[in-house]
Structure formats: structure tokens, C-alpha cells
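Me: I would like to learn how to read the features of a structural model, taking each one in general before turning to the case at hand. Could you take me through this one step by step?

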Amino acid sequence: MIGWAQAVALIVAAQRLLELWHANRNTRALLAQGGTEHGRKHYILFPLLHTAWLLSIFALVPADREPIWPLLALYILLQPIRLWIIISLGARWTTRVITVPDAVLSEAGPYRYFKHPNYLLVALEIALLPLAFGAWEIALVFSLLNAALLWHRIRVEDTALGR
């Protein structure tokens, strides 16, 4: 039986796959412009983490569990911010760390206020979605794994950007 958690996990998986397709298209274009990828060795850990996070929600949350509607609503309210981030970076939005010679750092949209708005958003999503189904254990485990991965990723990104 498919319950709310499984249905939402499938919707989020479809969203992430669409975003990955868009990011890969942008990555190819940036590399064709002379871009350089940084942190390639750790990159695979991101899709693995997100896949395991969604599979955990799908497999471990009981199908008859009702959502905690305010938390699910908060997760849904984060999605326009995700779109704002993607639109703000335009053709430079990717899931990888790519630098292009002579490119200026974006200060558009949320980048005007935060150095790494996408990472903050993803950290909130990784915690909120399982919590919206009472799965605090999944929220805790994947939040800790994500924090460790982002700690490394931000160091790679800041070094690549000369910060």
C-alpha cells in the first residue's frame, strides 16, 4: 500500500530527477565554456545521500501514517525558494562545483543575503520531510550525514571560488 509518505517521496524523487537533468545540462555547457570542476571525488555522495534519504522515507515510514500537516506545508512552502535559487543562478545552476574563468559571483536573488542558500534550503528539507511523517530518526541520521558532506563541500567550493 502506498501512503502519504510514499507518495510524497515519489513526487520529491521526480522533482530531484528533473533538477538533476537540468543541472547536468548546465554542467556540460559550463565545461564547454572552459569551466573546471572541483571536488569531483566527493560528488557521488550527494546523489547517494539524497537517494538513500528518499528510499528511507519510502520504505521505513508506515503507509498508514498521516502527515503532520503544518510540517508538510512548511516543506512545500520551501519549494518556491528552491525555484528562486535555480532561477537566480540561471545557466550557472548545477549540482557540481564548477568555476568558469572571469565569471563574477552571483549576487542575485537569495545570494544577495546568503553565501550558500541552496545548502541551507536542502538542510531544512532533509530534516523537515521525515519530520512531517514523524520519522525523527531519519531526519536525524540524514541531517548529520548531510552536515558532514556539506562541511566538506563548502570548503571545496570556497577554495575554488577563492574565498
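Reply: What follows goes through salt bridges, helix packing, a surface patch and a backbone angle in turn. This is a predicted model, in which local features need pLDDT of at least 70 and side-chain atom pairs count only at pLDDT 80 or more, while totals for chains, interfaces and linings use all residues. Residues are numbered from 1 along each chain as its sequence is written, and side-chain values use heavy atoms, with hydrogens and water left out.

Me: Are R82 and E19 buried or exposed?

Reply: Buried means under 20% relative accessible area, exposed over 50%, and partly exposed in between, with a 1.4 Å probe and protein chains only. R82 has 4% relative accessibility and is therefore buried, and E19, at 11%, is buried as well. These two residues also belong to a network of salt bridges that links R16, E19, R82 and E125.

Me: Which residues form salt bridges with E37?

Reply: E37 pairs with R40, where the closest N and O atoms are 3.9 Å apart, and with R96, where the corresponding separation is 2.8 Å. R96 lies in the loop between α4 and β2 (97–99) whereas E37 is in strand β1 (residues 36–38), so this pair ties together parts that are 59 residues apart in sequence. As for accessibility, E37 is buried at 17%, R40 is exposed at 60%, and R96 is partly exposed at 21%.

Me: How should I read the packing of two helices, and what is the case for α1 and α4?

Reply: Axes are lines fitted to C-alpha atoms, for helices over the stretch in contact, and angles run from 0 to 180 degrees between N-to-C directions. Angles under 35 degrees count as roughly parallel, over 145 as roughly antiparallel, 65 to 115 as roughly perpendicular and the rest as oblique. Here α1 and α4 pack at about 5°, their axes lying 14 Å apart, and they are therefore roughly parallel to each other. Contact, meaning heavy atoms within 4.5 Å, is made by residues including W4, V8, R16 and E19 of α1 and W69, L72, Y75 and R82 of α4.

Me: What is the angle between α5 and helix α6?

Reply: It is about 170°, with the axes of α5 and α6 (residues 136–160) 8 Å apart, which makes the two helices roughly antiparallel. Among the residues that meet there are Y119, V122 and P130 in α5, together with W136, F142 and R153 in α6.

Me: With which residues is L78 in contact, leaving aside its neighbours within four places in sequence?

Reply: L78 belongs to helix α4 and is buried, with a relative accessible area of 8%. Beyond those neighbours, L78 touches L121, L124, E125 and L128. The C-alpha atoms of L78 and V122, which are 44 residues apart along the chain, are separated by 9.4 Å.

Me: Which residues form the nonpolar patch on the surface?

Reply: Patches are made of residues with over 30% relative accessible area and no salt bridge, with like charges joined within 9 Å and nonpolar side chains (Val, Leu, Ile, Met, Phe, Trp, Tyr) within 5 Å. Accessible areas come from the Shrake-Rupley method with a 1.4 Å probe, and for residues only the protein chains shown count as cover. I81, W84, Y113, F114, L120 and L124 make up the patch, and together they have about 590 Å² of accessible area. The elements giving two or more residues to the patch are α4 and α5 (117–131).

Me: What is the phi of D102, and where does D102 lie?

Reply: Most residues other than glycine have a negative phi, and most peptide bonds are trans. D102 has a positive phi of about 65° although it is not a glycine. D102 lies in the loop between β2 and α5 and is exposed, at 80% relative accessibility.

Definitions and conventions
A salt bridge is a side-chain nitrogen of Lys or Arg within 4 Å of a carboxyl oxygen of Asp or Glu. Helices (H or I, at least four residues) and strands (E, at least two) are DSSP runs, numbered from the N terminus.
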